[in-house]
Amino acid sequence: MTVVDVLIAVAIGAAIWFLGRWFIKMLATPPPEVDPEDVVPVRQDYRCSVCGTEVTMTVSNQGDFSPPKHCREEMDPVWRP
């Protein structure tokens, strides 16, 4: 085993260590608090233009009526009578 092999092993180990700590920190962070007064009832259906998945939004924040994302694309609103 050469010095280069040891340095590569230490670098890979350090990368795994830091990525593992970052991932656990992301999982341990709680979601932001939502004020119940800011949530309003809505009835809007959306469809993913890529795969066809449909979602029905029943509540939303007062100021944020943006469509959800699926397959990394914004979903299209579906108008139903």
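**Salt bridges.** I began by counting salt bridges in this predicted model, and the count comes to 1. I then looked up the partners: the side chains of R47 and E54 form the salt bridge, with an N to O distance of 2.5 Å. I noted that side chains of opposite charge can pair when their charged atoms come close. The pair falls inside the cut-off, because a salt bridge requires the nitrogen within 4 Å of the carboxyl oxygen.

**Exposure of the pair.** I next asked how accessible each partner is. R47 has a relative accessible area of 35% and is partly exposed. For E54 I recorded a relative accessible area of 40%, again partly exposed.

**Nonpolar surface patch.** I turned to the nonpolar side chains at the surface. L19, W22, F23, I24, M26 and L27 form a patch there, and together they have about 730 Å² of accessible area. The relative accessible area of M26 is 52%.

**A14 and V39.** I also examined A14, which lies in helix α1. At a relative accessibility of 31%, A14 is partly exposed. Which separation do the C-alpha atoms of A14 and V39 show? I recorded 44 Å between these C-alpha atoms, for residues 25 apart along the chain.

Note on methods: Residues are numbered from 1 along each chain as its sequence is written. This is a predicted model: local features need pLDDT of at least 70, side-chain atom pairs count only at pLDDT 80 or more; totals for chains, interfaces and linings use all residues. Side-chain values use heavy atoms; hydrogens and water are left out. Buried means under 20% relative accessible area, exposed over 50%, partly exposed in between (1.4 Å probe, protein chains only). Patches are made of residues with over 30% relative accessible area and no salt bridge: like charges are joined within 9 Å, nonpolar side chains (Val, Leu, Ile, Met, Phe, Trp, Tyr) within 5 Å. Accessible areas come from the Shrake-Rupley method with a 1.4 Å probe; for residues, only the protein chains shown count as cover. Helices (H or I, at least four residues) and strands (E, at least two) are DSSP runs, numbered from the N terminus.
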